[in-house]
Amino acid sequence: MWMPLFLFALSLAGLAAALILPGLSDVLLLAAPCALASLILLFRARRGGAGRQHIILDGSNVMYWRGDGAELAAVKDTLDSLAARGFLAGVIFDANVGYKLVGRYQGDAELAELLGLPRDRVMVVPKGVPADQIILRVARDQGARIVTNDRYRDWAEAHPEIGRTGHLVPGGYRAGKLWMGMEPEATSQG
């Protein structure tokens, strides 16, 4: 597992350099796909994940499910519920997640610690990179479903799998209790 972790760290360093140093902006074209590929390798190499079905959380969507603004409690509740069902969940956030939560940037490691997850299961996409694109690509590569209320309409042509029943798992809170569209009672309630 150390090799995928090394590749992920190396590609994140390349992303950071490309975003910080103006002369290296072309490195972004190589570093972003490398970061994505190494993230996929990390998900696959993660011990304890063998035989478990992968699922991806659109963290920047799920964190609003309680309706009281951005908060990680909804993401934690969702992760706990999915783990209880035997899913191996990864979370992908927009670059601005830290600003929405605490008014400053927060990276993968900080959010992983707050969520109680290994660092390799949390990703904050680089500034300027659409999280939707990364979420959809990782889900496709993993054969995973996506937990979100987003319909990804702008990406429907490139990702027809989002039109399959059950690929996008909606959710939220009803009477203070988490529900997700994978539950039979959730589909009968609307």
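How much space lies in the largest pocket? In this predicted model, where residues are numbered from 1 along each chain as its sequence is written, local features need pLDDT of at least 70, side-chain atom pairs count only at pLDDT 80 or more, and totals for chains, interfaces and linings use all residues. Side-chain values use heavy atoms, with hydrogens and water left out.

The answer is about 370 Å³. A pocket here is an open set of points on a 1 Å grid over the protein atoms alone, where a 1.4 Å probe fits, with protein on both sides within 12 Å along at least five of seven lines; lining residues have an atom within 4 Å of a point. Volume is the space filled by probe spheres set on the points, which are joined across faces, edges and corners. The lining comprises 18 residues, with Tyr105, Val124, Val125, Pro126 and Lys127 nearest the centre. Helix 1 (2-20) and helix 6 (108-115) each supply at least two of the lining residues, and the largest share, five residues, comes from helix 1. Helices (H or I, at least four residues) and strands (E, at least two) are DSSP runs, numbered from the N terminus.

Beyond its neighbours within four places in sequence, Val75 is in contact (heavy atoms within 4.5 Å) with Leu57, Gly59, Val62, Met63, Val91, Phe93 and Leu115.

Where does strand 2 sit? Seven of its seven residues are buried, so strand 2 is largely enclosed by the rest of the structure. Phe87, Ala89, Val91 and Phe93 point one way from strand 2, while Leu88, Gly90 and Ile92 point the other way.

Elsewhere, strand 6 (residues 171-174) and strand 7 run antiparallel, joined by four bridges, with Tyr173 opposite Leu178. Two residues lie between these strands in their hairpin, where Ala175 takes a positive phi near 50°.

Note on methods: Pairing = 2+ DSSP bridges. Buried < 20%, exposed > 50% of the residue type's maximum accessible area, 1.4 Å probe, protein only.
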